[in-house]
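Here is a short briefing on selected local features of one protein chain. Please keep the structure open while reading.

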Amino acid sequence: MFTPARVRLLFVTCIALFMAMLDNLVLGVALPSIQKDLGATLSDLEWFMNAYTLAFAVLLIPFSVLGDSIGRKKVFLGGVVIFTLGSLLSGLSDSSIGLILSRALQGVGGAAIVPLSLTLVNKAFPPEKRAAAIGLWSGISGLGLSIGPLVGGLIMEGAPWQVIFYVNVPVGIIAFVLGLKWLEESKGVRKPLDPLGVLLLTAGLFGIIFGLERGNSEGWGTPIVYGSIGLGALLLVLFYFWERTRANPFVRFDLFRSKAYTFYTFAGFWMNAGVFGAIFLLTLFLQQAQGNTPLGAGIKEMAWTTMTMIAAPLAGLAISRFGNRTVLLFGLLFQAAALAWFALIIQSQGFDFPFVYLLAPMMLAGTGMGLSFTPLSHGLISSVPEDAAGEASGMGNATRELGGVFGIAISGLIFQSGAAIRSPQDFADHIVPSLGTGALMMTIAFLGIAIFVRNKPNKPNKPDPAKPIAKPQTKSANSTI
C-alpha cells in the first residue's frame, strides 16, 4: 500500500498542505506586534487576516479545474512557488498595504496547493486504499489549521513577527524541489478556457465572503454588507445560467444529481460553520475571559488539535470497515455533543472554573473533527467520476471555507447582540447562545448525511461516459508510482 513512491508523494503534498493550512490562523496572535511595528489601523488588522481567506476561498475551484486541464503537478507546484514568494514578501513588508497584498498572494498559492494536493493523493492510490491515504491527508490539514495559534504564540515568545512568514520559505523550497523529482503528472478532462465563467464565479464568491466577513465590523444593515452579498449572489446566479449554455461547462452542475455529492458538500459547509465559529469564540474566551496568554490558550487547545491529528488517519482505516457514512455520522455527532457540552459548562460555571472542566469536551470535539475531515473528502471524491476528482476537491474545499467564514460571522453576530460586554462574566453569558448555534449547525450537517446518504462499498470511480476521456499521460522519467 504505502510504497516508497507513495510515501514520497505524501511527504511532498502534506508538508505543502500543512504550510498552507497553518497560515489561515497563525497570524492572529502576532497582530498586536504588527500593529505597533507598522502603525496599522484596526481595519488593517482585519485585512491582514481576510486578504488570505478571500483569495484562498474564491480561487479553490478555478485552480482545481485548471489542474485537471493543464496538469495537477504543474498547478500544485505553481501554488507552492506563489505561496513561498508571498511568505517572503510578507516578512519583508514595511507597510500595511504591502502586507495585505502579500497575504493575498499567499492565499492565491494556498488555493492551488490544498485541492491539488488531495487530487494527487487520490490519483496515486488504488480505490480500495484511498480512504487511509486521505485520512492522513485530512489529519495534516486539520492539524495545520488547528495549531496555527499555538505555532504563532511559540514564535512570538522569542522572535519578531516576521519569522512567522520566513519559516515557510525553506519549507516551500523543499516541497518544490522534491515535488519536481517525485510527483507524477496527471490530468482530468481538458476544458476550454472560460474567462467569463471564471470572472463570474470568483467575483460572486468574493462578494458573498467579503460581505460576511465585514458584517460584524461594518454593521449587517449597512449598504456595503447587504450590497456585497446581494451582488455576489446575483453574479453566482448569472454564472449558473452561463454555465448551462456551454457544451463543456467550467463547473459540472450535473454532479449535483448525485445525492451523495450534494450532501457531502452540504455537510462540509455546515460542519465548518459550526466548528470554526466555536473555535474562534473559545480562543477569545480562554484569553479575554479566563486571562490566558496567546501561548497559554494555544497549549490548552492542544487537547482539541491532538485528538484531531490522531483521529483523522484512524478514520481512513475505519471507513473500509464501517463505511464512509457511518464514520462521518459519528464525527458530526461527537462535535455537536461537544459544542453543546461547552455551552452547558459555561452556562453553569460562568467564566471562573478550572480548565479541566473543558478537557473532555475539547477531546470529544477534536475526535469528532478528525472523524469528519476524512469521510467528507473521501465521500466527495468517491461520489463522482474519476475525471471530476479535481473539481470535487475544489468544490468541497471552497464550500467548507465559505462555511467557516459564515460560521464565524453568524457566531460573532449572536455573540455581540444584546447588552455591551464589560466583564468576563458578560463574555461568558454571550458565548453560550453562540456555542448553542454551533451545535445546531453541526446537527444540520448530521441530519443531511443521515437522511440522504447511504453507505456504499469502495469501488473504482469510472469516468463519466457522457464526458470525453482524457488522453493517457506519459510517465515521466522520475515517476515511480
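The model is predicted. Helices α17 and α18 cross at roughly 140°. R325 is buried.

**Surface patch**
- Helix α4, residues 72–92, supplies the largest share of the patch, with 4 residues.
- L92 is part of helix α4.
- L92 counts as exposed because its relative accessibility is 53%, and the exposed class starts over 50%.

**Helix pair α17 and α18**
- Two packed helices are described by an angle and a distance, both taken between their axes.
- Helix α17 spans residues 389–416, and helix α18 spans residues 424–452.
- Their axes come within 8 Å and cross at roughly 140°.
- The crossing of α17 and α18 is right-handed.
- On the α17 side, the contact is made by F406, I410, S411, I414 and F415.
- On the α18 side, F427, H430, I431, P433, S434, T437 and M441 take part.

**Arginine R325**
- R325 sits in helix α15, which covers residues 324–349.
- R325 has a relative accessible area of 18%, so it is buried; the cut-off for buried is under 20%.
- Setting aside neighbours within four places in sequence, R325 is in contact with Y264, I449, A450, V453, R454 and N455.

Key. Residues numbered from 1 in each chain as written. Predicted model: local features only at pLDDT ≥ 70, side-chain atom pairs only at ≥ 80, totals over all residues. Heavy atoms only, no water. Helix = DSSP H or I, 4+ residues; strand = E, 2+ residues; numbered from the N terminus. Buried < 20%, exposed > 50% of the residue type's maximum accessible area, 1.4 Å probe, protein only. Axes fitted to C-alpha atoms, helices over the stretch in contact; angles between N-to-C directions. Left-handed = near helix turned anticlockwise from the far one by under 90°. Contact = heavy atoms within 4.5 Å.
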